[in-house]
Amino acid sequence: MADKVAVLIPCYNEAVTIGKVIDDFKRVLPDADIYVYDNNSKDDTSAIAKEHGAIVRMEPRQGKGNVVRQMFREIDADYYIMVDGDDTYPAEAAPALLEPLMNDTADMTVGDRLSNGTYGEENDRAFHGFGNDLVRWLIKVIYGYAFDDVMTGYRAFNRIFVKTMPVLSEGFQIETEISIHAVDKRFRIKDVPIDYRDRPEGSYSKLSTFGDGAKVLRAIASLFKDHKPMAFFGWLALILVVLGLIAGIPVIAEFFQTGLVPRFPTAILAIALVICGALSFTAGIILDTVAKSTRKQWELFTYQAYEEAQQHQKEEG
């Protein structure tokens, strides 16, 4: 039997575009199951999706991260394509996203809007390009992997990736969480250049440039702390110790010159900063041991997931 492909479309008020998106994917991937998860839309998104032949399910918890979590839990397939319902991503790129997965050369493919310049040409929302570049740079600095486009909503995954991905985000920071998870767990990633088109007239973005941008940066900091605690708390310890030395060296120098410590508050502050730095470093060592143990458990869980996937293929075949 052919591999089962599921197209996952999280939606919130996409009545203007959802019908076309479903029709396009039915044309390009006629054998795929198309799922639309309605996240409390106030318009006719669900009704239109049903009319166009999609499998429609409701997700009452607001936020794209909540929708993706439920999709990953409920939907069973060999390969998954996740795409927004706003008709900004071409269905014609789906086979190119699936090919590395089906050839077993990637676990996740990323629809790259930036390399060919179409995102810059079509997207006129202030600071969106800057925010994407900032997140890409942070992930490269922290994790050593340079995504071509980290904030894209067009991705494809194999079964192993989806069934071992613990979704913690609630909102639009889900793309960042997925990207960091893929890098941290050493999944095989491939960027696939795609064309991008801006939303048609009457369709509006739900993204808040600064509000959602701040959530993405907080997510990066939180995941950095969780995945690389030694680096996170080590850098924090270094900063605290340096600040303590800056505050304390003049006090020490004055003591050697006069034998007196007239600036007790400064001396106490310097000591407190150094002690906090030492505590931060100690916390980093302890949490790094915990993180390594968690990583080992996750690897064993992944082996089990591979065995289940192989058994699933045998049963389907």
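**Figure 1. How much of the protein is tucked away.** Of the 317 residues in this predicted model, 46% count as buried; buried means under 20% relative accessible area, exposed is over 50%, and partly exposed falls in between (1.4 Å probe, protein chains only). Residues are numbered from 1 along each chain as its sequence is written. Because this is a predicted model, local features need pLDDT of at least 70 and side-chain atom pairs count only at pLDDT 80 or more, while totals for chains, interfaces and linings use all residues; side-chain values use heavy atoms, leaving out hydrogens and water.

**Figure 2. A look into the largest nonpolar core.** A nonpolar core is a set of buried Ala, Val, Leu, Ile, Met, Phe, Trp, Tyr and Cys residues joined through side-chain atoms within 4.5 Å. The largest one here has 39 residues, and Phe72, Met108 and Phe157 have the most contacts inside it.

**Figure 3. Phe72 and its neighbours.** Leaving aside residues up to four places away in sequence, Phe72 touches Leu8, Phe157, Val162, Lys163, Met165 and Val167. A contact here means heavy atoms within 4.5 Å.

**Figure 4. Helix H8, under cover.** Eleven of the eleven residues in H8 are buried, and among them are Glu175, His181 and Asp184. Just after H8, Arg186 takes a positive phi of about 60 degrees.

**Figure 5. Inside the second largest pocket.** About 430 Å³ of space lies in this pocket. Of its 18 lining residues, Asp184, Lys185, Asp226, His227 and Thr294 are the closest to its centre. On a 1 Å grid over the protein atoms alone, a pocket is an open set of points where a 1.4 Å probe fits, with protein on both sides within 12 Å along at least five of seven lines, and lining residues have an atom within 4 Å of a point. Points are joined across faces, edges and corners, and the volume is the space filled by probe spheres set on them. H11 gives the largest share of the lining, six residues.

Note on methods
Helix = DSSP H or I, 4+ residues; strand = E, 2+ residues; numbered from the N terminus.
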